[in-house]
Amino acid sequence: MQHLGFDEKWLHWINSIFSSGTSTVLLNSVPGKTFHCRRCIRQGDPLSPLLYVLAADLLQSALNVAKNNGLLSLPIPLNHSQDFPILQYADDTLIIMEAKLDQLAALQDILRLFSLFIDLKVNFSKSMLVPINLASENALLLA
């Protein structure tokens, strides 16, 4: 959020919201001991969608910088936008790119750095490559 220009007061509010939450586990309808949630976004939190949109915007910026620096190239020419193609729904992300090993390696580096900066983990074992118009042996190499 600092990257997007939010001031310190806003950042403090958000930090306070996410560090002050509590949860209780119900077992057979009996509440257990209350514990404090000190980090991360909690499931069902109404702020979660907003924060994911802000994170997606940061990822879009990182991909655009990589494109402008020649690390990534647009898979198809776009007349309406020069943004690198990325689609986001909730916490699922689809990145459309050329099937080139050097670009895939650059994308992995970008995602690792992105994960470090926003403290969200990219689960590469749950990620997948969807080849379009690509020979099977090339898809296996990239995967």
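**Chat on helix H2 and its surroundings**

Visitor: What do the buried residues of H2 pack against?
Guide: In this predicted model, they pack against H1, strand E3 (86-89), E4 and H3.

Visitor: Which residues of H2 are buried?
Guide: The buried set in H2 is Ser48, Leu51, Leu54, Ala55, Ala56, Leu59, Gln60, Leu63, Asn64, Ala66 and Lys67. In an α-helix, residues three or four places apart point the same way, because there are 3.6 residues a turn.

Visitor: How many residues has H2, and what does it reach from its first C-alpha to its last?
Guide: H2 covers residues 48-68, which is 21 residues. The reach is 30 Å, close to the 30 Å expected at 1.5 Å a residue.

Visitor: What follows H2?
Guide: Gly70, with a positive phi near 85°.

Visitor: Which residues other than glycine have a positive phi?
Guide: Asn28 has a phi near 55°, and the phi of Asn133 is also near 55°. Most residues other than glycine have a negative phi.

Visitor: Where is Asn28, and is it buried or exposed?
Guide: Asn28 sits in the loop between E1 and strand E2 (30-37). Its relative accessible area is 71%, over the 50% cut-off, so Asn28 is exposed.

Visitor: And where is Asn133?
Guide: Asn133 is in the loop between H3 and helix H4 (136-142). Asn133 counts as exposed because its relative accessible area is 82%.

Visitor: New topic. Which residues form the nonpolar patch on the surface?
Guide: Leu87, Leu94 and Ile96, with about 260 Å² of accessible area together. Leu94 belongs to strand E4 (residues 92-95).

Visitor: Why does Leu94 count as partly exposed?
Guide: Because its relative accessibility is 45%, which lies between the 20% and 50% cut-offs.

Visitor: What about Leu11, buried or exposed?
Guide: Leu11 has 16% relative accessibility, so it counts as buried. Leu11 lies in helix H1 (residues 8-19).

Visitor: What is Leu11 in contact with?
Guide: Met1, Gln2 and Phe6, leaving aside neighbours within four places in sequence.

Visitor: By how many Å are Leu11 and Ile96 separated?
Guide: Their C-alpha atoms are separated by 32 Å, and the two residues are 85 apart along the chain.

Visitor: Last one, on confidence. What is the mean pLDDT?
Guide: The mean for the protein is 82, with 94% of its residues at 70 or more.

Visitor: Where is confidence lowest, and where highest?
Guide: Lowest in strand E1 (residues 21-27), at a mean of 79, and highest in helix H3 (residues 101-118), at 88. Where pLDDT is low, the predicted coordinates should not be read in detail.

Conventions: Residues are numbered from 1 along each chain as its sequence is written. This is a predicted model: local features need pLDDT of at least 70, side-chain atom pairs count only at pLDDT 80 or more; totals for chains, interfaces and linings use all residues. Side-chain values use heavy atoms; hydrogens and water are left out. pLDDT is the predictor's confidence in each residue, from 0 to 100. Helices (H or I, at least four residues) and strands (E, at least two) are DSSP runs, numbered from the N terminus. Patches are made of residues with over 30% relative accessible area and no salt bridge: like charges are joined within 9 Å, nonpolar side chains (Val, Leu, Ile, Met, Phe, Trp, Tyr) within 5 Å. Accessible areas come from the Shrake-Rupley method with a 1.4 Å probe; for residues, only the protein chains shown count as cover. A salt bridge is a side-chain nitrogen of Lys or Arg within 4 Å of a carboxyl oxygen of Asp or Glu. Buried means under 20% relative accessible area, exposed over 50%, partly exposed in between (1.4 Å probe, protein chains only). Contact means heavy atoms within 4.5 Å. The expected span of a helix is 1.5 Å times one less than its number of residues.
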